[in-house]
Amino acid sequence: MQICKIEKIVTHSKLHKTFFFDLRMNAKPGQFIMLWIPGIDEIPMSLSHIGDKIGITVEKVGEATKALHKMKEGNKVGVRGPYGKGFEIVGKKALFVAGGTGIAPLFSLIKKYNGEKHIVLGAKTKDLLLFKKELEESNHLYISTDDGSHGYKGFASDLAKKIIEKENFDIVYTCGPEPMMKKILDLCLEKNIPMQASLERYMKCGVGICDSCAIDGYHVCKDGPVFSHEVLKKIKDFGKWWRNASGRKESITI
Ligand SMILES: Cc1cc2nc3c(=O)[nH]c(=O)nc-3n(C[C@H](O)[C@H](O)[C@H](O)COP(=O)(O)OP(=O)(O)OC[C@H]3O[C@@H](n4cnc5c(N)ncnc54)[C@H](O)[C@@H]3O)c2cc1C
């Protein structure tokens with residue numbers, strides 16, 4: 001583990017902040033780090049920013065993320081990684097489908113992807129749309145909000161379906177709530193478009209030992225978190241079940 005300093009904090013919404021660390025890392029978009037928040041917990045986080053400095057974009061949901069949101073520039077944290085399998089760059093025209101904080105791992109991928117980029121950015125409400133300004137600069141950006149406060153009213157997956165009906169894509173990349181990603185998988189299988197999705201499961205070790213993130217024989221931390229449609233179509237739990245902190249299976253709801 002490397003101990004590093006929080007160099008810069010950017011506040012995006014009442015729930016989201018990006019934390020930049022004084023740490024360089026040779027990582028691939030879609031890979032993740034295990035972030036130790038001293039005295040609290042160690043949690044998995046995708047890299048939203050890869051380059052001179054690494055950055056993570058964090059939604060405040062529970063104990064560890066709330067504690068992180070209270071930290072200040074100059075405070076110290078621990079970082080292990082990068083871990084897991086990231087996204088593979090495929091083709092020359094891609095559709096990116098992000099639901100909520102799911103834009104985090106896709107943001108570094110979008111920056112790296114050299115071809116034509118179409119992005120569906122979805123959130124519950126207008127205030128929770130992340131990186132809108134940066135994304136609209138050089139891409140085809142489509143917005144959806146569940147409450148209709150900005151852009152298309154409805155789920156990102158429904159808007160993505162409309163775009164897929166009109167345009168041809170070499171690949172679809174997605175990250176967000178699992179029911180959304182399951183809909184994208186089914187659509188891509190039906191249309192015969194390759195797809196890759198970044199999954200979330202409860203993680204403790206991050207390196208394939210503890211089994212917390214086991215899903216139908218795969219470890220999300222080691223075999224994923226990014227999986228291709230070929231693997232996802234075989235995972236029966238995808239979009240249906242996940243395991244909580246004690247390892248008990250719980251149904252996934254939106
Ligand atoms: C590979 C990977 C990459 C991730 N990248 C990001 C990221 O870029 N940005 C980000 O904000 N979050 C990301 N997460 C999720 C993040 O790790 C969890 O939100 C965090 O661990 C919650 O910790 P907590 O102590 O704040 O919440 P807890 O107190 O542990 O939990 C609060 C609530 O969130 C739920 N929860 C906790 N962890 C998860 C999870 N993994 N999946 C679904 N629900 C969960 C719990 O069931 C509970 O209801 C990622 C997770 C994985 C596995």
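Start at the ligand and select what lies around it: 23 residues form its surroundings, and the closest are Ile43, Gly62, Ala64, Thr65 and Ala104. A residue counts here if its C-beta atom, placed from the backbone, lies within 6 Å of the molecule. Before you go further, keep in mind that this is a predicted model: local features need pLDDT of at least 70, side-chain atom pairs count only at pLDDT 80 or more, and totals for chains, interfaces and linings use all residues. For your selections, residues are numbered from 1 along each chain as its sequence is written.

Now colour the shell by element. Strand 4 (41–46), strand 5 (54–59) and helix 1 (63–70) each give two or more residues to the shell around the ligand. Helices (H or I, at least four residues) and strands (E, at least two) are DSSP runs, numbered from the N terminus. Which strand gives the most to this shell? Strand 4 does, with five residues.

Ala, Val, Leu, Ile, Met, Phe, Trp, Tyr, Cys and Pro count as nonpolar, Asp, Glu, Lys and Arg as charged, and the others, Gly among them, as polar.

Next, select the two domains: domain 1 (2–83) and domain 2 (93–251), with bounds that come from an automatic or database domain assignment. Their centres, taken over C-alpha atoms, are separated by 20 Å. The contact between them takes 19 residues from domain 1 and 17 residues from domain 2, where contact means C-beta atoms, placed from the backbone, within 7 Å. On the domain 1 side, strand 3 (32–37), strand 4, strand 5 and strand 6 (76–83) give two or more residues each. Strand 6 gives the most to that side, with three residues. By class, that side of domain 1 has eight nonpolar, nine polar and two charged residues. Bring the ligand back: its shell draws at least three residues from each of domain 1 and domain 2.

Show the six strands that form an open, antiparallel sheet in the order 4-3-6-1-2-5; strands pair if DSSP finds at least two bridges between them. Strand 4 and strand 5 are the edges, each pairing on one side only. Neighbouring strands are turned by 40° against each other on average, direction ignored, using axes fitted to C-alpha atoms, with angles that run from 0 to 180 degrees between N-to-C directions.

Finally, zoom in on strand 3 and strand 4, which run antiparallel and are joined by six bridges. Pick Trp36 and look across to its bridge partner in strand 4, Glu42.

Definitions and conventions: Contact = placed C-beta atoms within 7 Å.
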